[in-house]
Amino acid sequence: MEDVSLTYTGILKNGKDKIVRVRFTRNGEKDFAEGVIPGGKIEKSCGFSDQELASLQFYLKANTRQIFEKAKEITGLRGFLR
């Protein structure tokens with residue numbers, strides 16, 4: 001896959017669980033896939049093939065720890081600015 005951008009939230013609470021929402025985009029956000037970690041499940045998508053979505057889910061599962069670490073930085077900064 002070429003020219004796919006990844007963005008993510010800070011750490012969010014979903015009941016007792018901590019999650020991070022992740023969004024993949026390409027073609028000026030015309031194509032998108034939204035997922036959540038942990039779990040690596042793609043919840044919503046448009047413009048990506050089934051094979052591409054499987055690759056994105058694999059990426060989320062394989063990189064959960066690193067994405068959570070980056071999300072902690074956002075969460076910490078958000079707390080600092082309050």
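Which side chains meet in a salt bridge of 3.4 Å, N to O? Glu69 and Lys72 do, and the views below show where they sit. This is a predicted model, in which local features need pLDDT of at least 70 and side-chain atom pairs count only at pLDDT 80 or more, while totals for chains, interfaces and linings use all residues. Residues are numbered from 1 along each chain as its sequence is written, and side-chain values use heavy atoms, with hydrogens and water left out.

**View 1. Glu69 and Lys72 pair within helix H2.** Being three residues apart, they are separated by about one helical turn. A salt bridge here is a side-chain nitrogen of Lys or Arg within 4 Å of a carboxyl oxygen of Asp or Glu; by this rule there are five.

**View 2. Arg21 meets Glu43 in a salt bridge (2.7 Å, N to O).** Arg21 belongs to strand E3 and Glu43 to strand E5 (residues 41-46), 22 residues apart. Helices (H or I, at least four residues) and strands (E, at least two) are DSSP runs, numbered from the N terminus.

**View 3. Arg23 forms a salt bridge with Glu34.** Their closest N and O atoms are 2.2 Å apart. Arg23 lies in strand E3 and Glu34 in strand E4, so the pair ties together parts 11 residues apart in sequence.

**View 4. Val20 and Phe24 have the most contacts inside the largest nonpolar core, which has 14 residues.** Such a core is a set of buried (under 20% relative accessible area, 1.4 Å probe, protein chains only) Ala, Val, Leu, Ile, Met, Phe, Trp, Tyr and Cys residues joined through side-chain atoms within 4.5 Å.

Conventions
Buried means under 20% relative accessible area, exposed over 50%, partly exposed in between (1.4 Å probe, protein chains only).
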